[in-house]
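Hi everyone, thanks for making time for this. Let me put the model up on the screen, and then we can walk through it together.

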Amino acid sequence: MPLGTGRSKGAAGWVLRLFRRRRKPKTRMSEHPKNMIRPPGVPTTTVVSLPYDLRAPARARRSVQAVIAGSQLSEEAQAQLVLITSELVTNAIVHGAEPVTLTVTCDAAHITVEVADGDPRADPVRFRDFDGPSGYGGRGLRLVAALTEAWGVRTEASSKTVWATTKVDAPNTMVPMSPTSLAQIAGRLV
Amino acid sequence: MDLFSTKVVRVDGATVIYVEGELDMATAERLRDTIEPHMGPHQTIVLDLSGVEFMDSACLKVLVLARGQLTADGGSLVLRNPSRSAHLLLTVAGVEFLLAEDLDEHPQSD
């Protein structure tokens, strides 16, 4: 490499560019901690296509873990976000349709997990009526609601997206489900 | 890639099942299949969760159903040594009562 040719500034710039280029994502965006090399405040987005089968929750957890590993989230908050992700993807597999896509967006203050599936109907998703007939989905979403301060559903022509947001510097806001909710779950299952 | 494994040990009249790996919709049935052969009247089954690396609500149905059957038959199901992830799930789901600090010597006392 011609680093000693007297064009040190240019060479340094070239090396720097090479270094930056090497750190760009290749094929698996999920493994790339983009949030660590961007300046704070600039949102970064990671999109992962998930298999429409039982492997999807584990695949999604790996992806989220890769993205948030270098974040400012506490270990507890990271565990909560991984659990939220697993619940949302499980719901998409059980109640939704292909294709299922995970999107993780990070900025300096928030990390948002979105799970989209190919079923635009939002009715399998229980918003406030957690005690409705959709037992399984209601259970997972109870957990999501307990673990995050903001979550919701948006629908488009051919898909719906369930999202949940965690504040990066938020104190632990977890609110456990009430004891009665377990009785409701158990009653529904038996 | 095997995300889940169990080891079954008989201790003092109870069946202790050590669960390792990840418990989700892909492995919940395997947990059920592991528990079922040990179900029966007056049986105590202990699930040791210290090796659980991840746990979500997909396994709650298995746990709640197994506990219901065992309790109805005079036995019990107790969970012990929850890992961080297991503790998070059990706490936020409001099912901490499934946890036991120690192996219950008198399973019918509850």
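One definition before we start: helices (H or I, at least four residues) and strands (E, at least two) are DSSP runs, numbered from the N terminus. This is a predicted model, where local features need pLDDT of at least 70 and side-chain atom pairs count only at pLDDT 80 or more, while totals for chains, interfaces and linings use all residues. Residues are numbered from 1 along each chain as its sequence is written, chains are lettered from A and ligands numbered from 1 in the order in which they are written, and side-chain values use heavy atoms, with hydrogens and water left out.

A:Thr103 sits in strand β2, residues 100-106, and A:Thr161 belongs to strand β5, residues 160-167. Are they buried or exposed? A:Thr103 is buried, at a relative accessible area of 16%, and A:Thr161 is buried too, at 6%; buried means under 20% with a 1.4 Å probe, protein chains only. As for contacts (heavy atoms within 4.5 Å), and not counting residues up to four places away in sequence, A:Thr103 touches A:Thr45, A:Thr46, A:Val47, A:Thr112, A:Val113 and A:Glu114. With that exclusion again, the partners of A:Thr161 include A:Glu114, A:Val115 and A:Arg154.

Now the core. A nonpolar core here is a set of buried Ala, Val, Leu, Ile, Met, Phe, Trp, Tyr and Cys residues joined through side-chain atoms within 4.5 Å. The largest one has 66 residues, and among those touching the most other members are A:Leu88, A:Leu102 and B:Leu49. Helix α4 of chain A, residues 75-95, gives the largest share of this core, 9 residues. Leaving aside neighbours within four places in sequence, B:Leu49 contacts residues including B:Val19, B:Met55 and B:Leu90.

Next, how do the two chains meet? The contact takes 29 residues from chain A and 23 from chain B. Between them the chains bury about 2200 Å², 69% of it on carbon and sulfur atoms; buried area is the accessible area (1.4 Å probe) that two parts lose on being put together, summed over both. On the chain B side, B:Met25, B:Leu88 and B:Val92 supply 31% of the area that chain B buries against chain A, more than any other three residues.

That's my tour, so over to you for questions!

How values were computed. Buried < 20%, exposed > 50% of the residue type's maximum accessible area, 1.4 Å probe, protein only.
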